[in-house]
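Keep the viewer open as you read.

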Amino acid sequence: MTLVVGLGNIGREYENTRHNVGFMLIDLLIKESQTSLLSHSKFKGELHKLGSSLLLKPHTYMNHSGFSVKSVLDFYKCERLIVIHDDIDLNLGALRFKKGGSSGGHNGLKSVDSLCGNDYERVRIGVGRGRDTIAHVLGQFTSEESVILDEVLLKAKESLLELMQGGDLAKISSLYSLKA
């Protein structure tokens, strides 16, 4: 079984923020696919089933995402973990894939790494860098930025569906990576 985690923060004030692109991609999959809701509270997050994969939106806030991820991994004995997250080191409009590596200072990844290790696949969605990192990632997308983001999310959804079906990360990376 594959666990796909979209990182983000719960609450209306975070809905259209750069830090929530992981949630946005999970929401897009849920909206366009036949999923079944498994749990809200048991795993400290919103957990859906899509085919042989699980889709998770942790409700522990970004900095503690690992607690929710670990509880699902432990309960379902998932063999594969894919984490979707924002990346300030990539320009808005960029999409990249990798396996393992450091957190790059991303607090959600730090939490997952500390509780689950760092040997998992990542879907990295570029949000660019601002003067004040915290204000930038917690800031809302402008209408112009939202147009770019929508295109990236559609491409990310296609690539993620291939990954979930057992696709090779290197092949998917060569087919779907976007530069901005």
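What should the 12 residues of helix α2 (residues 65–76) span, and how far apart are the helix's end C-alpha atoms? Before the answer, one thing to keep in mind: this is a predicted model. At 1.5 Å a residue, α2 should span 16 Å, and its end C-alpha atoms sit 17 Å apart, which agrees.

Now look at which parts of α2 are tucked away. Ser65, Gly66, Ser68, Val69, Val72 and Leu73 are buried. They cover an arc of only 165° around the axis, which puts them on the same side of α2. If you want the background, an α-helix has 3.6 residues a turn, so residues three or four places apart point the same way.

Setting aside neighbours within four places in sequence, Leu50 touches Ser33, Gln34, Thr35, Leu55, Leu161 and Met164. There's also a C-alpha pair to check in your viewer: Leu50 and Ser36 are 14 residues apart along the chain, yet their C-alpha atoms are separated by 7.0 Å.

Next, over to β7. Is this strand enclosed or open? For β7 (residues 121–126), 6 of the 6 residues are buried, so the strand is largely enclosed by the rest of the structure. Glu121, Val123 and Ile125 point one way from β7, while Arg122, Arg124 and Gly126 point the other way, and all are buried. So who are the strand partners? β5 runs parallel to β7, and 6 bridges join the two; here Asp87 stands opposite Gly126 of β7. Strand β6 (residues 95–99) pairs with β7 in the antiparallel sense, over 5 bridges, and Lys99 is the residue opposite Glu121.

The UniProt record, an unreviewed entry, places the feature "active site" at His19. You'll find His19 in the loop between β1 and α1 (21–32). At 11% relative accessibility, His19 counts as buried. Leaving out neighbours within four places in sequence, His19 is in contact with Leu7, Gly8, Asn9, Met62, Asp86, His106, Val137 and Leu138.

Finally, zoom out. The protein's secondary structure comes to 6 helices and 7 strands, and from the N terminus on the elements run β-α-β-β-β-α-β-β-α-β-α-α-α. The radius of gyration is 15 Å, close to the 16 Å that the globule rule gives for 180 residues, so the protein is as compact as a globular protein of that length. Along its principal axes, the C-alpha trace spans about 40 × 35 × 30 Å. Buried residues make up 52% of the 180 residues. As for how the chain links up with itself, take the contacts between residues at least 6 apart in sequence: 69% of them join residues at least 24 apart.

Key. Residues are numbered from 1 along each chain as its sequence is written. This is a predicted model: local features need pLDDT of at least 70, side-chain atom pairs count only at pLDDT 80 or more; totals for chains, interfaces and linings use all residues. Side-chain values use heavy atoms; hydrogens and water are left out. Helices (H or I, at least four residues) and strands (E, at least two) are DSSP runs, numbered from the N terminus. The expected span of a helix is 1.5 Å times one less than its number of residues. Buried means under 20% relative accessible area, exposed over 50%, partly exposed in between (1.4 Å probe, protein chains only). The arc is that of the directions from the helix axis to the C-beta atoms. UniProt positions are given in the numbering used here, feature names are shortened, and annotations may be inferred rather than shown by experiment. Contact means heavy atoms within 4.5 Å. Two strands pair if DSSP finds at least two bridges between them. The radius of gyration is taken over C-alpha atoms; the globule rule is 2.2 Å times the number of residues to the power 0.38.
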